[in-house]
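Look first at how the two chains meet. Then turn to the rings and the charged pairs.

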Amino acid sequence: MTVSYQNSKAIFQGIKAAGITSLSALPETWLGLLLQQAEKDPDVRLVQVAKEEEAIGIAAGAYFAGERHVLLMQNHGFLAAINGIVSLSQLYGIPLCMLIALRGHWGEPYAWHTRGGIVTEGVLRALGIPFEYARDPAEVGRQIREAYTFSQSALAPVALLLTRDLMEEPL
Amino acid sequence: MKRAECIAMLYPELDDKLVVTIMGACAQELYDLGHKENFFYLQHAMGLASSIGLGLAMHLPKERIVVLDGDGSVLMNLGTLATIARYRPRNLVHIIFDNGSLLSTGGFDSHTTSGTTDLAAIARGAGLRRVAAVDSVMDFGEAVIDAFASDELSVIVAKVAAIGPNHYGMDLHLPENAFRFKRFISERRKASGIAG
């Protein structure tokens, strides 16, 4: 498995084009190349967290501060952050734009990712979180911009699921 | 000492700062002194008050942020002490009221009861350099004055009695608190000539 450098770059360019100036993240393999670009960019602030639920609080602080913020996490991190999403973001009407690496789905060779991958969409639906799949590097920039816009107008969490088609080089 | 005494002593110093509190007794005791638009009460999502404070501090370097936290909440999100230490915002004062109890949820002992777990030591171990541990109102007051004067990331762990107010309730809806808190910040930024 090789993470796509070109598509990681397309996602980062999409984040920049959406006017995002602040990111929180817990590094994971699919997000690695993307986060390396964020680290090098002087116009983007990257906050690396110890666990994903922290990022829900940090994103709320960034929102209060008037900063355009996006959260990057793996789907297992999303599952670990649910109480914060429900009892901070949804309870208080605080937007969250989450870009979630969808591990454990079609084509997944690693057993440990599979359960999380299988339940992610169902959990998003149960929580009433609007989501879309990102598969095409030509579309992902628009999808990020629209996800961010929607989170701000709905005052709610929204999720863009980064799929294997987008994140990995074809075999 | 009582947490309410500490909060009463702190209250006059909070006017020009952004304040984030945890749920329950701590929020109520602050609210009962008189709500201000620069107060945000996190009435759930235990553990995240410190993370909200970090997010505010990193994105608003010209504001002073005060987090009123508790032992139960900190124990739920110990990792954030390390995150705060890593980014070390100079404008954040993190006050942890340690009553050794999950008071708002039935008064069960927390892990800090009887000195089993030392939150100040954990904070130092996480890499926070300026950590004060106090157990009298006088020492609390001095630690607060010191923290506000220092222009450095500060943590104050205050040992307090497991006592709370005899009533709960606010005339403030939760989203209303969030909307007004955000508006207060944006208007203050506009007034000080900073865009956004």
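This report covers the interface, the aromatic pairs and the salt bridges.

## Basis

This is a predicted model: local features need pLDDT of at least 70, side-chain atom pairs count only at pLDDT 80 or more, and totals for chains, interfaces and linings use all residues. Residues are numbered from 1 along each chain as its sequence is written, chains are lettered from A and ligands numbered from 1 in the order in which they are written, and side-chain values use heavy atoms, with hydrogens and water left out.

## The interface

The size of an interface is often given as the accessible area lost when the parts come together. Here chain A and chain B bury about 2400 Å² between them. Buried area is the accessible area (1.4 Å probe) that two parts lose on being put together, summed over both. Carbon and sulfur atoms give 65% of that area. Glu54(A), Phe64(A) and Tyr92(A) supply 33% of what chain A buries against chain B, more than any other three residues.

The contact (heavy atoms within 4.5 Å) takes 29 residues from chain A and 31 residues from chain B. Ten residue pairs are in polar contact across the interface, both residues at pLDDT 80 or more. A polar contact is a pair of N or O atoms within 3.5 Å; within protein, one must be able to donate a hydrogen and the other to accept it, and residues adjacent in sequence count only if both atoms are side-chain atoms.

## The chain A side

Strand 2 (45-48), helix 3 (52-64) and helix 5 (82-92) of chain A each give two or more residues to the side that touches chain B. Helices (H or I, at least four residues) and strands (E, at least two) are DSSP runs, numbered from the N terminus. Helix 3 of chain A gives the largest share, ten residues.

By residue type, this side of chain A has 15 nonpolar, ten polar and four charged residues. Ala, Val, Leu, Ile, Met, Phe, Trp, Tyr, Cys and Pro count as nonpolar, Asp, Glu, Lys and Arg as charged, and the others, Gly among them, as polar.

## Aromatic pairs

Over all chains, the structure holds eleven aromatic pairs. Rings of Phe, Tyr and Trp (its six-membered ring) pair if their centres lie within 6.5 Å; planes under 30 degrees apart count as stacked, over 60 as edge-to-face and the rest as tilted. Tyr92(A) and Phe40(B) are tilted, because their planes stand at 55°, with ring centres 4.9 Å apart. Tyr92(A) lies in helix 5 of chain A and Phe40(B) in strand 2 (residues 39-41) of chain B, so this pair joins two chains.

Tyr92(A) and Phe40(B) are both buried. Buried means under 20% relative accessible area, exposed over 50%, partly exposed in between (1.4 Å probe, protein chains only). Tyr92(A) and Phe40(B) belong to one aromatic cluster with Tyr63(A), Phe64(A) and Phe181(B).

## Salt bridges

The count is 18 salt bridges over all chains, but zero between chain A and chain B. A salt bridge is a side-chain nitrogen of Lys or Arg within 4 Å of a carboxyl oxygen of Asp or Glu.

Glu29(B) bridges to Arg3(B), with the closest N and O atoms 2.7 Å apart. Glu29(B) sits in helix 2 (residues 25-32) and Arg3(B) in helix 1 (residues 3-10) of chain B, 26 residues apart. Both Glu29(B) and Arg3(B) are buried. Glu63(B) and Arg188(B) also form a salt bridge, at 2.5 Å between the closest N and O atoms. Glu63(B) is buried at 11% relative accessible area, whereas Arg188(B) is partly exposed at 24%.
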